[in-house]
Amino acid sequence: MNKVYTGEFGCLKSFETQKPPFDAKNPFLAPVIVNRKLNKAGNRHLMHLEVDITGSKIRYESGDHVAVYPTNDTAIVNKLGQILGVDLDTVISLNNLDEESNKKHPFPCPTTYRTALTHYLDIIHPPRTNVLYELAQYATDPKDQENMRKMASSAPEGKALYQSFVLEDNRNILAILEDLPSLRPPIDHLCELMPRLQARYYSIASSSKVHPNSIHICAVLVEYTTKTGRLTKGVATTWLKNKLVADNGHKSTVPMYIRKSQFRLPFKASNPVIMVGPGTGIAPFMGFIQERGWLKEQGKEVGETVLYFGCRHKNEDYLYQEDLEEAEKTGVITKLNVAFSRDQEQKVYVQHLLRTNKEDLWRQIHTDNAHIYICGDARNMARDVQTAFYEIAEELGGMTRTQATDYIKKLMTKGRYSQDVWS
């Protein structure tokens, strides 16, 4: 049994005897020292976690990402074992028969089905068409078999079926097995086809100048009901939410490593910074603000530090309100601009506040060499914010839209307009 992987990534027993350097293949098990709910009300769960990296030799800079390896929900793993009629504690090795391939196994082996489904395989994302095509052969009902093959084809009706049955209804592999009772593939083939469970990246919400021995994470719990009435939970955020500081006398730990980023404060502290981060997009800016405060304490000349933050309601999800207001009081934040989108008739977002302060912004960007940072939702917010900057450049810089677009593009190439966005 001591030769069997129980969740480690690179080498056996690496979770028992931890040796630096720590990276994707050799993550550090960081104890959770703080896990608190950030929002005061509302039906969402926004959380602030702190993990301890004392003695790990891990270094980070404000703006870096912390990568964590989550594990799948035990209930889902158990249900998969049940539905496929498998003893999950069977020890297995999946060996690659392709001589040419440099990958000997799809995940660390030997291990158990339970470990593979818990730590190594992505069983939550809707499966891709090639997986359905491969599994179709095991459906005993010809109709099911035909539909699964159709979904994997390039025919328009097949694509539409995959779009509605798998993607829109958000069916993971368990939901597909539940809804197609004739489909009972061998678990070995399933383990071979499932993609690897990937690390999740979070913008670090602390500065190593102020917190050299801990890393702060700010995240929102992903939870929603699909069209088929199933409650779907985000793998990583559900797992993080349950990482209580002390669990039955044991310290909860998170396997993690650092991913370096280009999202950096300006080299010259005297340059102004404009930070736009609604929702959990505030995370890296908590690190930036701590760092600017620290530089001030060192007697450095620190430029204007302007924050644009947005949330739904002031009394529900104004994240880090006390910290931010305190930082404004002590002058670490020069100007704190907050948009509460749903506290009044008309929705107010961060891009509206940018337009309100256009004269100040244009001076900071055009005359004072300010650096602009945007963090958060890529789909709408980042695009709308960029448009607001185009409009300010058009209006106050007397440019055409094409010139304004080029102007902002130039800022990007110079490293003065940085984005840390996700969809």
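**Notes on the pockets, sheet and salt bridges**

1. The second largest pocket has a volume of about 890 Å³. A pocket here is an open set of points on a 1 Å grid over the protein atoms alone, with protein on both sides within 12 Å along at least five of seven lines. A volume is the space filled by probe spheres set on the points, which are joined across faces, edges and corners. Please keep in mind that this is a predicted model, where local features need pLDDT of at least 70 and side-chain atom pairs count only at pLDDT 80 or more, while totals for chains, interfaces and linings use all residues. Residues are numbered from 1 along each chain as its sequence is written, and side-chain values use heavy atoms, with hydrogens and water left out.

2. What lines this pocket? There are 36 lining residues in the second largest pocket, a lining residue being one with an atom within 4 Å of a point. Thr71, Asn72, Asp73, Thr74 and Ala75 lie nearest the centre. Helix H1 (74-83) is among the elements that give two or more residues to this lining, and H1 provides the largest share, four residues. Helices (H or I, at least four residues) and strands (E, at least two) are DSSP runs, numbered from the N terminus. By type, the lining splits into 11 nonpolar, 16 polar and nine charged residues. Ala, Val, Leu, Ile, Met, Phe, Trp, Tyr, Cys and Pro count as nonpolar, Asp, Glu, Lys and Arg as charged, and the others, Gly among them, as polar.

3. The largest cavity has a volume of about 30 Å³. Its lining consists of Gly7, Phe9, Phe15, Tyr69, Pro70, Thr71, His119 and Pro255, with five nonpolar, three polar and no charged residues. Thr71 is worth a look, as one of the residues nearest the centre of the second largest pocket and also part of the cavity lining.

4. The open sheet has six strands in the order S6-S3-S12-S1-S2-S7, with antiparallel pairing; two strands pair if DSSP finds at least two bridges between them. Strands S6 (200-203) and S7 (214-220) are at the edges with a single partner strand each, so one side of each has no neighbour in the sheet. Strand S3 (residues 65-68) is joined to S6 by four bridges, and Val68 stands opposite Arg200 in S6.

5. The salt bridges number 20, each being a side-chain nitrogen of Lys or Arg within 4 Å of a carboxyl oxygen of Asp or Glu. One of them pairs Lys260 with Asp64 at 3.1 Å, N to O. These partners are 196 residues apart, Lys260 in the loop between S12 (253-259) and S13 (273-276), and Asp64 in the loop between S2 (46-52) and S3. Is each end buried or exposed? Lys260 is exposed, at 51% relative accessible area, whereas Asp64 is buried at 0%. Buried means under 20%, exposed over 50%, and partly exposed in between (1.4 Å probe, protein chains only).

6. Another salt bridge joins Glu395 and Lys358 at 3.0 Å, N to O. Glu395 belongs to helix H14 (residues 378-397) and Lys358 to helix H13 (residues 358-367), 37 residues apart. Lys358 is partly exposed, at 21% relative accessibility.

Definitions and conventions
1 Å grid on protein atoms, 1.4 Å probe; cavity = no way out; pocket = protein on both sides within 12 Å on 5 of 7 lines; lining within 4 Å.
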